[in-house]
Amino acid sequence: MIKNRTLQGYILNTLVIAVLLIVFSFVKEAFGKAGDFKLIIAPSIWQCCYLIILAASLNMTLGFLGQLSLGHCGFMAIGAYAAALISLAAERAGVFSDKSGPAFILVLVGCILIAGVLAAIVGLLVGIPALRLKGDYLAIITLGFGMIIVNIINNLPFAGQEGLALGSASASLYKNGLGFGTALKVTYIWVALAVTMISVAMMFMYVRSKYGRAIRAIRDDEIAASASGINTAFYKVFTFAYSAFFAGVAGALYACSNATLSTASFAFANGGILNSTFVVVMVVLGGMGSLTGSIVAAIIMFIVNYQIKNGVWVKLLPLWLQNIFAFPMLVYAVILIIVIMFRPKGIFGIYELSLRNFFSDMKRQRQNRLAQKQESKEALNNE
Amino acid sequence: MSDERTPILETRKLGITFGGLVAVSDFNIKIFKGELVGLIGPNGAGKTTVFNMLTGVYKPTEGSVLLDGQVLNGKKTHQFVAAGVARTFQNIRLFKQMTVLENVLVAFTKDIHYGMLDSLFRTPRYWKTEKELKTKALDLLSIFHLEDKADYIAANLPYGQQRKLEIARALATDMKLLLLDEPAAGMNPTETAELLDCINAIRNRFGIAILLIEHDMSLVMNVCERIQVIDYGVTIAKGLPEEIAKNPKVIAAYLGQ
């Protein structure tokens with residue numbers, strides 16, 4: 001038996017992920033060409049992947065750093081447009097012609113990385129002035145920046161309001177760029193899965209290091225954090241940029257899974273799935289300060305969103321309810337209100353779902369919690 | 001007192017005004033290594049304001065703060081901490097959602113040398129540093145008998161232990177001067193006595209200078225070697241505890257004339 005609990009955790013997680021991937025590859029082989037997998041499940045996985053990265057990255061600022069940012073989709077838009085435009089340019093330069101081969105993979109990886117880096121740079125530029133503010137003021141200013149970013153992209157001569165399909169980039173993303181059709185989505189599904197796993201792992205490593213400790217300290221008490229020697233300005237801006245990086249990566253995946261890009265889909269109040277409030281709902285639902293919570297919540301919210309729009313059962317509902325479902329934002333708002341009323345901490349609170357703990361110490365943890373509660377009760381009585 | 005030594009802390013004509021209000025003026029103090037100095041005064045006298053100036057939270061409008069002969073004016077709070085000033089707060093400020101151990105580990109952050117890449121790839125350097133710090137933190141907690149509560153969430157600790165944890169966290173910053181802002185506030189006599197032992201233990205073990213704000217006169221008279229009294233931001237008396245207790249100005253400030 002392995003004694004080192006950290007090693008135990010690593011081995012257990014690797015094993016479980018490996019088993020899941022093997023099962024998945026069998027499923028893909030068996031159903032890869034069948035209609036449902038190709039038309040529904042593979043695109044859903046792509047969508048889930050970028051939602052997971054998006055929610056987890058916002059959780060870094062909202063949950064771990066404790067700063068409400070309402071402009072997260074702005075960074076995603078930067079990533080999406082950067083990846084799309086670079087891929088189109090690469091195609092025009094003749095780096096790749098059909099979407100296969102090592103050259104295309106290289107372009108793909110490059111696009112994802114550059115998308116992240118560009119978003120991080122903008123995150124840095126936005127973060128330096130914005131993070132001097134707190135609470136509501138920060139929320140307003142990030143909301144504003146999110147809108148500004150979308151408007152700037154709108155007015156760029158080569159990006160265009162109509163999206164890349166009709167804009168002056170004058171080439172369809174689907175045809176010549178990164179955009180994957182349903183068949184390619186199945187072929188390249190490992191890209192989405194790998195990018196998601198690497199991104200989440202990178203965020204995990206970040207929050208479980210001195211950086212994570214420092215930003216959680218800032219969340220709990222900024223004055224005490226600086227009195228403990230933490231350079232609060234540096235950690236806040238750095239984390240903001242780091243989270244913007246992953247929003248950019250999510251944007252690149254978004255560009256991959258769409259035939260066209262339109263800035264309207266990143267606008268603050270669009271009725272679709274991609275707006276900054278929707279991401280905030282995911283983070284709050286999963287638990288501010290729990291990355292695994294964000295992953296679970298992203299999948300739940302995706303399913304809710306998908307079912308509202310496409311579910312068969314919706315047609316059986318009374319008409320007035322169907323009419324409400326035509327405005328999904330209303331449903332998200334109701335979900336947010338219910339979560340805040342009955343479980344304000346979100347599904348996971350600040351705890352991470354850990355396979356190791358799940359198997360071995362559920363009992364021990366419960367005992368600890370009970371003992372702790374008992375003790376604080378006694379302490380209260382003593383006072 | 002030999003004035004040739006460089007004092008750990010020296011302030012020269014320190015003063016601050018908020019708008020037209022003079023909160024503190026002409027505040028001079030010298031604290032040497034291993035000394036425990038008390039700062040007392042009636043409510044609203046400006047004691048905490050002095051602390052805030054000594055830790056860079058407020059920028060003094062006149063005068064200067066010297067730590068080990070080094071001028072710290074205009075620096076930020078974390079730079080004060082890096083130079084060697086640590087403090088506790090009048091109303092406890094712990095990292096409430098973090099564990100007791102993490103609360104102490106946070107204070108080590110400025111001395112951690114592993115970087116972004118080390119934490120992303122979990123290099124041996126990362127593991128080594130984290131392991132060393134954990135031992136160091138548990139060692140610190142054991143002074144306050146908190147080592148077996150290391151995994152507790154800080155907010156769940158009883159009041160007295162929260163105070164102690166705050167002192168432990170301040171000690172973890174590896175400071176030369178410790179500022180304690182009413183450490184015994186809200187404590188019962190037993191807890192205060194325990195705290196007294198702790199403070200003495202810290203002094204003996206680390207040999208640091210301590211500046212203490214306190215309302216509990218028995219504590220102040222017992223542990224402080226020198227006392228400085230301020231009222232309305234002005235120093236009205238300095239000296240040994242016995243002298244202060246008899247000083248008519250101090251009695252007038254506390255009891256009214």
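Arg216(A) is buried, and so is Glu102(B); buried here means under 20% relative accessible area, exposed means over 50%, and partly exposed lies in between, with a 1.4 Å probe and protein chains only. The side chains of Arg216(A) and Glu102(B) meet in a salt bridge, 3.0 Å from N to O. Because Arg216(A) lies in helix 9 of chain A and Glu102(B) in helix 3 (residues 100–108) of chain B, the pair joins two chains. A salt bridge is a side-chain nitrogen of Lys or Arg within 4 Å of a carboxyl oxygen of Asp or Glu. Helices (H or I, at least four residues) and strands (E, at least two) are DSSP runs, numbered from the N terminus.

A word on the source. This is a predicted model, in which local features need pLDDT of at least 70 and side-chain atom pairs count only at pLDDT 80 or more, while totals for chains, interfaces and linings use all residues. Residues are numbered from 1 along each chain as its sequence is written, chains are lettered from A and ligands numbered from 1 in the order in which they are written, and side-chain values use heavy atoms, with hydrogens and water left out.

Now the interface. Across the interface of chain A and chain B the rule finds 3 salt bridges. Another salt bridge is that of Arg93(B) with Asp221(A), where the closest N and O atoms are 2.9 Å apart. On the side of chain A that touches chain B, two or more residues each come from helix 1, helix 8 (189–207), helix 9 (210–220), helix 10 (222–227), helix 11 (232–256) and helix 17 (362–382) of chain A. Helix 9 of chain A gives the most to that side, with 8 residues.

How many residues of chain A are in contact with chain B? The count is 35 residues of chain A against 35 residues of chain B, contact being heavy atoms within 4.5 Å. Chain A and chain B bury about 3,100 Å² between them, 59% of it on carbon and sulfur atoms. Lys210(A), Arg213(A) and Gln372(A) supply 21% of the area that chain A buries against chain B, more than any other three residues. Buried area is the accessible area (1.4 Å probe) that two parts lose on being put together, summed over both.

Next, the surface. Leu7(A), Tyr10(A), Ile11(A), Leu15(A) and Trp127(B) make a nonpolar surface patch of about 440 Å². Helix 1 (residues 5–31) of chain A gives the largest share of the patch, 4 residues. Tyr10(A) lies in helix 1 of chain A and is partly exposed, with a relative accessible area of 33%. Patches are made of residues with over 30% relative accessible area and no salt bridge, with like charges joined within 9 Å and nonpolar side chains (Val, Leu, Ile, Met, Phe, Trp, Tyr) within 5 Å. Accessible areas come from the Shrake-Rupley method with a 1.4 Å probe, and for residues only the protein chains shown count as cover.

Back to charged pairs, this time within chain B. By the same rule the count comes to 17 salt bridges over all chains. Arg163(B) forms a salt bridge with Glu166(B), the closest N and O atoms being 4.0 Å apart. Because they are 3 residues apart in helix 6 of chain B, Arg163(B) and Glu166(B) are separated by about one helical turn. Arg163(B) is buried at a relative accessible area of 2%, and Glu166(B) is buried at 1%.

The side chains of Arg203(B) and Glu225(B) also meet in a salt bridge, 2.3 Å from N to O. This pair links distant parts of the chain, 22 residues apart: Arg203(B) is in helix 7 of chain B, and Glu225(B) is in the loop between helix 8 (217–223) and strand 9 (226–231) of chain B. Arg203(B) is buried, with a relative accessible area of 15%, whereas Glu225(B) counts as partly exposed at 32%. Salt bridges that share partners join Arg163(B), Glu166(B) and Arg169(B) into one network.

Last, two backbone details in chain B. Phi of Asp174(B) is near 60°, a positive value in a residue other than glycine. Asp174(B) is in the loop between helix 6 (159–172) and strand 7 (177–181) of chain B, and at 61% relative accessibility it counts as exposed. Phi of Glu182(B) is near 45°, again positive in a residue other than glycine. Glu182(B) lies in the loop between strand 7 and helix 7 (189–206) of chain B and counts as buried, at 9% relative accessibility.
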